Amino acid sequence: IDESKLELPMWMQEKFIKDKQGRRPTDKGYDPTTIHVPSDEKLLAPPIIKQYLDAKSNHWDKLVAFKVWKFYYFYYNDALIVKRLCDVPLHIKQKRFYCFFHEAMLQKFAPILVEKGHKLVLVEQMEETVQKQTDLIRREVCQILTRGTYFENQALDYDSQFVLCIIKDKENPDFGIVFLDATTHEFHIGQFKDDKNYSNLRTLITRFKPVEIVTLNSNLPQECLNMFNSMPNKPTITTLSPAGYPKRIGDIFSTIKPYFHRKEAKQTKLPQYLEQIKLSFDAEAKSVNMDDDKVKRLEKKSPFYYAMQTLSLAVDYLKNIMLADTVFSMGNFLPYDLALEKQGTLYLDSQALENLEILDVNYAHNLSSSRSLFGYMDKTVTGFGRRLLKRWIASPTFDAEKIKERLDAVDDL
C-alpha cells in the first residue's frame, strides 16, 4: 500500500482536530488526551468500528490495541506507527487502513512500542460469546502500558524507572515535583525555587533519569522542554489538561483520602508524610479563622503548595492509566527537600555528576554505568542495595556519625 495516498478522516487531520469538549489546540483548557469524533461518523460506522471510536476518543494520545477474537487491531495513525516499528503489513478496507497482530506477539511488540515513547491501550473482549449473532461482544479498556509503568519481564534487581510529575508556577521559577516508581511504589515529593538556568531541575533529572515526564499542557517553558529532549535517554513527555488547576489543598486531600480507606479496619489513615502535610495546612487554615481568600493566599506561601499540586497531577496521571488503585494506595511517600540536602550532603550538581562520571559515562549519547565511579564501587547483590548505593554516591553525606554507622554495618556483615 502506498502510504502517501492514504488519507485520514477530516476530524483526525491537524487543522480540524478538537478535544472531546470541542476545544482546538490553541484554546484554553484544551485536553490533548482526547479527540472529538463527530456523531455522524459514529452513525455511519459498523458497530465494531463504533466501539473502537469510543475508545479512541478517550485515548487520542495513545495507541489503541483493539482486540477482535485473538488479534489486536490498530487503525489510522496508530496503524502506521505499529507497521513501521513492528514490521507488520498494512491493510485497507472501505477507506479505513489498519494493521493487526496475534495476541501471542503482544509480549514481543509491546516493549518495542513503549520504549519508543508510545502509550499502549489494550481494549479486551469481556465475554467469549454472545446470545445472538446480531449482538456485539462487549469490550473495555483493561490495561494501559507506558514507558514509566510497564515492567513485565523486568529482572528482580532492576534499576528504578522513574516518572517525573512536574508543575511550574506561571510567573516564578517555583517547581513542584513528584518522582514516582510504579514498581516499588515510591513517591518522592518536594518543591524548590530554581535559578534562570534551571540548575536544580537539571541536577534532579541527571540523578533520577526519568523515563517519562508528566506535566500540564502549556505549563513548562520551552527551555525546560529542550532540556528534557536533550537528555541522552530522551524521556517520553505526557501532557494532561490544565482544567481545574491550581486546586485547593483541602480538595486535593479529599481526592486522595479514599485511596487509603481500609475496609477491614473501617478507617482512613493517611501515610505519615502526607498526614504531616495535612496537619500543617489545617493549622495554617485555623490561624486565619477559615477566611477563604486568606486561606488561598496562605496556601500558596506554604512550603508544600506546589508539591501538593504536583501530587494531584500524579494521581490524575495514575487514574488516566488505570494504576491509581494499586500504585497510589500502596505508596511509600518520601520527602524530597533540596535545601536540606544541600545542608547535609556534598551537593553535586549536574555538571559535577556528568564531568566526573559519577553515575554514568556518556558514549556518543549512550549512557553506561560500567566505567563510572558508581560502576566501579557497585558490588551489591540486590536491587534495593544498588539503588541505595547510587543515592549515597550521588549525595555523599557530611555526617561523620552516619559514615561510621555505614562502615560498622559493613564490618558486621
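A residue counts as buried under 20% relative accessible area, as exposed over 50%, and as partly exposed in between (1.4 Å probe, protein chains only). The model described here is predicted: local features need pLDDT of at least 70, side-chain atom pairs count only at pLDDT 80 or more, and totals for chains, interfaces and linings use all residues. Residues are numbered from 1 along each chain as its sequence is written, and side-chain values use heavy atoms, with hydrogens and water left out.

The charged side chains are taken here pair by pair. A salt bridge is a side-chain nitrogen of Lys or Arg within 4 Å of a carboxyl oxygen of Asp or Glu. The search of the whole structure finds 14 salt bridges.

One of them joins K42 and D54, whose closest N and O atoms are 2.9 Å apart. This pair links distant parts of the chain, with K42 in helix α1 (residues 39-44) and D54 in helix α2 (residues 47-58), twelve residues apart. Helices (H or I, at least four residues) and strands (E, at least two) are DSSP runs, numbered from the N terminus. K42 is partly exposed because its relative accessible area is 23%, and D54 is partly exposed at 28%.

D61 and K62 also meet in a salt bridge, at 3.0 Å from N to O. D61 has a relative accessible area of 26% and is therefore partly exposed, whereas K62 has 1% and is therefore buried.

Another salt bridge is formed by K247 and D316, with the closest N and O atoms 3.3 Å apart. K247 sits in the loop between β11 (236-240) and α7 (249-256), and D316 in helix α10 (residues 305-320); the pair links distant parts of the chain, 69 residues apart. K247 is at 22% relative accessibility, so K247 counts as partly exposed. D316, at 21%, counts as partly exposed too. Elsewhere, salt bridges that share partners join K67, K70, E103 and E124 into one network.

The surface also carries a patch of negative charge, where D399, E401, E405, D408, D411 and D412 gather. Patches are made of residues with over 30% relative accessible area and no salt bridge, like charges being joined within 9 Å and nonpolar side chains (Val, Leu, Ile, Met, Phe, Trp, Tyr) within 5 Å. Asp and Glu count as negative, Lys and Arg as positive, and His and the chain ends are not counted. Within this patch, D408 is found in helix α16 (residues 400-412). D408 has a relative accessible area of 43%, so D408 is partly exposed.

Notes. Areas by Shrake-Rupley, 256 points an atom, 1.4 Å probe, with all protein chains shown as cover. Charge placed at Lys NZ, Arg CZ, Asp CG, Glu CD.
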